[in-house]
Amino acid sequence: FPSLSLISDVLCFGGDILNITGNVLLALWTVKQNQLSDIITLVAKCSLEIQEKFGIYHTKEGQDLQLKIGLSAGQISQVIVGDEQRQYLLVVGQDVDDVQLAQRLAQANEIVLSWNCWKLCEQYMFEVEIMREDEAVKVGGWSHPLHFVFLFSDTLRTALDLDPDSALEQTLRKHIMKNLLKKIDEGQPTEYVSEFRTVTMVLVSLEFHKSAWVLHLCHLIQEAALYISTVIEKGGGQLSRIFMFEKGCMFLCVFGLPGDKKPDECAHALESSFSIFSFCWEKLAETNPTEFSGILTELISHLHIHPPPTFYKSLVPVKVKKIPFFH
């Protein structure tokens, strides 16, 4: 999939890429309250152009890749978890949940607005179809397409060259995996920083009750992130990403990156999965019963660890394999 071109389109329209995980890209436009309706129109224009280019993409292998876009608008909170060596940026809030719902409601080559986004936008500019009352609206096109260029001629941004700033550099370095930092510090050409390689991955999913308090959840995520990082590093693993989904959080752990390759990395990943499950269930879930609703540890989509309703741990052993990974 032409992801670089898609990212370029988002950046050209003033957006920032917050996260790329699996087949999902999360972008953010930061705006003032009085600009919100105009920027929604801008983002809708960006989305329509992306769908025109990549809505259904035909690959050389004969498979069709389909693009679904969801939009939401409103207030969100920025949360940074981690320690002095490595940190992760998360965004939380109802509108983060709403954009995920809108994306799930969209079909191939469609753009769906959350209900709050629809209420905040300039509705007269859109041709829409109400999908679910108080939930989502599907965008069909423009009612006033000729006004767009003049309305947003000063909004599109260009790339900025930042002056050297050692404090800013040290802050940003905390958000980059140590393997990549090593390549950057060694002066490797940027075209060699990314690579395909076979790794072992563990996906940890924590699900919270819908009534859970956001600030409390952030403390739990912080505690889980620190423990997971410590455990997997012993076996040559790294916590690659943390991302939110509705009332839940996922931790993507990768074993076998450059400099971390060890014999029996699948065994190390499996052992880490047991330790992580035990910690999350015994230390977090049982001490916060009103916050947690479930824990899932998944090893390459082949190992599942579920807490049954009786709160006893059960294990379902299945085949483990390695998969290619691009970083």
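Close-up 1. Within β10, Trp 142 is the bridge partner of Phe 126. The four strands of the open sheet follow the order β5-β8-β10-β9, with mixed pairing. Because β5 (68-71) and β9 (126-132) stand at the edges with a single partner strand each, one side of each is left without a neighbour in the sheet. On average, and with direction ignored, neighbouring strands of this sheet are turned by 30° against each other; axes are lines fitted to C-alpha atoms, for helices over the stretch in contact, and angles run from 0 to 180 degrees between N-to-C directions. Residues are numbered from 1 along each chain as its sequence is written, and side-chain values use heavy atoms, with hydrogens and water left out. As this is a predicted model, local features need pLDDT of at least 70 and side-chain atom pairs count only at pLDDT 80 or more, while totals for chains, interfaces and linings use all residues.

**Close-up 2. The largest nonpolar core.** This core holds 30 residues, and those with the most contacts inside it are Ile 221, Ile 228, Leu 239, Ile 242 and Phe 251. A nonpolar core is a set of buried Ala, Val, Leu, Ile, Met, Phe, Trp, Tyr and Cys residues joined through side-chain atoms within 4.5 Å; buried means under 20% relative accessible area, exposed over 50%, and partly exposed in between (1.4 Å probe, protein chains only). At least two residues of this core come from each of β6 (77-82), β7 (87-92), β11 (196-208), α8 (214-233), β12 (237-245), β13 (248-255) and α9 (265-285). Helix α8 gives the most to this core, with nine residues. When neighbours within four places in sequence are left aside, the contacts of Ile 242 are Asn 19, Val 81, Tyr 88, Leu 90, Ile 221, Ala 225, Cys 249, Met 250 and Phe 251. A second, separate core of 29 residues includes Trp 29, Val 43, Ala 44 and Phe 126.

**Close-up 3. Strand β13 and its partners.** Seven of the eight residues of β13 are buried, so this strand is largely enclosed by the rest of the structure. Eight bridges join β11 to β13 in an antiparallel arrangement, and within β13 the bridge partner of Leu 206 is Cys 249. The pairing of β12 and β13 is likewise antiparallel, over eight bridges, with Cys 253 in β13 as the bridge partner of Leu 239.

**Close-up 4. The aromatic pair of Tyr 227 and Phe 279.** A search of the whole structure finds one aromatic pair. The ring centres of Tyr 227 and Phe 279 lie 3.9 Å apart with their planes at 5°, so the pair is stacked; rings of Phe, Tyr and Trp (its six-membered ring) pair if their centres lie within 6.5 Å, and planes under 30 degrees apart count as stacked, over 60 as edge-to-face and the rest as tilted. Because Tyr 227 lies in helix α8 and Phe 279 in helix α9, the pair ties together parts that are 52 residues apart in sequence. Tyr 227 is partly exposed, with a relative accessible area of 27%, whereas Phe 279 counts as buried at 12% relative accessibility.

**Close-up 5. Cysteines without disulfides.** The structure holds zero disulfides, a disulfide being a pair of cysteine sulfur atoms within 2.5 Å. For Cys 121, which counts as buried at 9% relative accessibility, the closest cysteine sulfur is that of Cys 117 at 6.1 Å, too far for a bond. Cys 280 counts as buried at 0% relative accessibility, and its sulfur is 9.7 Å from the closest cysteine sulfur, in Cys 253, again too far for a bond.

Methods:
Contact = heavy atoms within 4.5 Å. Pairing = 2+ DSSP bridges.
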